Amino acid sequence: MKKYLAKIGRKITLLAFKYRLGKSRWSAKTLFFLMGLFENFGEYVNTNETDKEHHYVPQLILRRFRIADSGTDKGQAWEFSFENPKIEKTSINGVASAKDFYLFKDKDGKQSDFIEKKVFAENLEYFGNQVIKYLNTVSGEPKLTYLEESTLAVFVAFQLTRVPAFHSAIERYLIFCFENKGLIIDDLGTHESMNKKIVLNGLGATIDDLLKHKSNLKIAGAKNHIGSLSNQIATHIAEKIFRRNFHIIDVPATMDDRFVISDNPVVLLDFHRSEILQYPAWWDIDKDDLWIMMPISPTRAIFFCRSKRKGGIIENENTSLVQIVNFGQYLNATKSVFSNDKKYLNVHIQMFRKELLSLNKLRVGYFVEKLSD
């Protein structure tokens with residue numbers, strides 16, 4: 001019976017996206033109520049598949065930065081790797097991924113792919129793809145339904161938290177608080193205590209505390225806890241992102257540039273600190289002077305902010321914003337940045353070379369090699 005009711009709920013959601021239902025506040029509330037009702041009948045499923053590549057930047061995004069829409073380059077993108085500073089063609093299937101990254105031990109002690117298969121692939125990515133496809137193909141000002149805007153906010157929230165860089169940020173937070181803020185192992189024992197002390201930053205850590213802290217301590221066996229925390233944080237901040245104003249940045253027609261995308265693509269621009277945050281302080285995500293930005297194609301990026309931009313949703317004359325989003329891709333990248341055009345990777349690396357060198361993101365030898373090419 002539960003399985004049957006879950007199927008009905010899935011059909012309602014599919015129809016809502018297909019016919020773009022929920023344009024008015026009243027109809028959206030009714031739709032959310034129905035979806036929430038049937039969501040309770042969803043079942044835990046574990047296919048027990050292991051030794052699989054889990055993409056932490058979904059291929060639905062990466063494909064929008066592929067070299068060609070057909071032919072041999074259809075599945076290829078240009079990749080700049082910080083680990084081996086070269087620009088080379090690479091298969092989209094094998095990048096921004098890690099083996100069994102989202103596997104966790106369920107209550108029976110089995111390795112489970114429920115997060116990868118059910119939460120991400122079947123729901124978050126499937127429905128997020130439909131919204132992003134609409135945004136990349138609509139002519140004129142896009143008009144998202146409440147359901148679409150909510151889905152996009154959830155997608156961006158999880159894209160921020162589901163990557164290795166964010167998992168490392170959680171680990172840094174835990175280590176700092178174990179050593180300085182009185183966090184104990186028992187605090188990781190329940191969702192309630194993790195939410196209070198870590199998700200909501202009840203321990204009062206600051207960005208500067210975490211950036212300055214140096215430690216040799218490593219946390220062993222915390223994969224389940226870190227994965228759970230990343231999902232809890234995403235759920236918490238998704239509503240805060242949804243309450244913001246949604247906008248679009250288009251590359252100006254007169255600008256010879258394109259957006260690129262990294263393996264950690266969500267950029268947090270803090271105007272109070274006058275910087276792109278190198279530590280993703282999730283507890284400050286609803287600050288008035290914080291913008292949340294992410295490329296969705298070589299010519300378009302999305303962003304969320306508190307204020308409404310003058311002149312409509314689309315910002316298409318601001319070259320500085322394009323450069324900020326792109327610089328954020330190189331600054332945030334764990335390993336790689338991807339593009340549909342080799343030219344722009346070369347241009348950006350030269351453009352941002354001083355900052356990347358000062359941050360030890362790039363070795364000097366790369367520029368020597370480039371000069372000798």
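**A walk through the predicted model**

At 1.5 Å a residue, helix H5, which covers residues 146-161 and so has 16 residues, should span 22 Å, and the distance of 23 Å between its end C-alpha atoms agrees with this. The structure is a predicted model. Of the 16 residues in H5, 14 are buried, so this helix is largely enclosed by the rest of the structure.

The next element to look at is a sheet. Six strands make up an open sheet with mixed pairing, and their order is S10-S9-S11-S12-S7-S13. Strand S10 (275-276) and strand S13 (314-315) are at the edges; each has a single partner strand, so one side of each has no neighbour in the sheet. Within the sheet, strand S7 (residues 245-250) and strand S12 (residues 300-305) run antiparallel and are joined by six bridges. One of the residues to look for here is Ile248, whose bridge partner in S12 is Ile302.

Helix H4 (residues 114-137) lies across S7, strand S11 (290-297) and S12, and it runs at about 80° to S11. Helix H10 (residues 319-332) lies across S7, strand S9 (267-270), S10, S11, S12 and S13, with an angle of about 85° to S11.

Strand S12 also holds Cys305. This cysteine has a relative accessible area of 0%, which means that Cys305 is buried. What does Cys305 contact, leaving aside its neighbours within four places in sequence? Its contacts are Arg244, Asn245, His247, Leu290 and Trp291. His247 is 58 residues away from Cys305 along the chain, yet their C-alpha atoms are separated by 7.9 Å.

Ser228 has its place in helix H9 (residues 223-242). Its relative accessibility is 19%, and the cut-off for buried is under 20%, so Ser228 counts as buried. Not counting residues up to four places away in sequence, Ser228 touches His191 and Met194.

The structure also has empty space between its atoms to consider. Rolling a probe the size of a water molecule over the atoms shows where such space is left. The second largest pocket has a volume of about 870 Å³. It is lined by 31 residues, and the closest to its centre are Ala165, Ser168, Ala169, Arg172 and Gln278. Which elements give two or more residues to this lining? They are helix H6 (164-180) and H10. H6 gives the most, with eight residues. H10 is also the helix described above as lying across S7, S9, S10, S11, S12 and S13.

Finally, two residues deserve a look for their backbone angles. Most residues other than glycine have a negative phi. Ala96 is not a glycine, but has a positive phi of about 50°. Ala96 is found in the loop between strand S3 (87-91) and strand S4 (97-99). With a relative accessible area of 7%, Ala96 is buried. Asn201 is not a glycine either, and its phi is positive at about 55°. The loop that holds Asn201 runs between helix H7 (191-199) and helix H8 (207-212). Is Asn201 buried or exposed? At 11% relative accessibility, Asn201 counts as buried.

Conventions. Residues are numbered from 1 along each chain as its sequence is written. This is a predicted model: local features need pLDDT of at least 70, side-chain atom pairs count only at pLDDT 80 or more; totals for chains, interfaces and linings use all residues. Side-chain values use heavy atoms; hydrogens and water are left out. Two strands pair if DSSP finds at least two bridges between them. Helices (H or I, at least four residues) and strands (E, at least two) are DSSP runs, numbered from the N terminus. Contact means heavy atoms within 4.5 Å. Axes are lines fitted to C-alpha atoms, for helices over the stretch in contact, and angles run from 0 to 180 degrees between N-to-C directions. Buried means under 20% relative accessible area, exposed over 50%, partly exposed in between (1.4 Å probe, protein chains only). The expected span of a helix is 1.5 Å times one less than its number of residues. On a 1 Å grid over the protein atoms alone, a cavity is a set of points where a 1.4 Å probe fits but cannot get out, and a pocket is an open set with protein on both sides within 12 Å along at least five of seven lines; lining residues have an atom within 4 Å of a point. Grid points are joined across faces, edges and corners, and a volume is the space filled by probe spheres set on the points.
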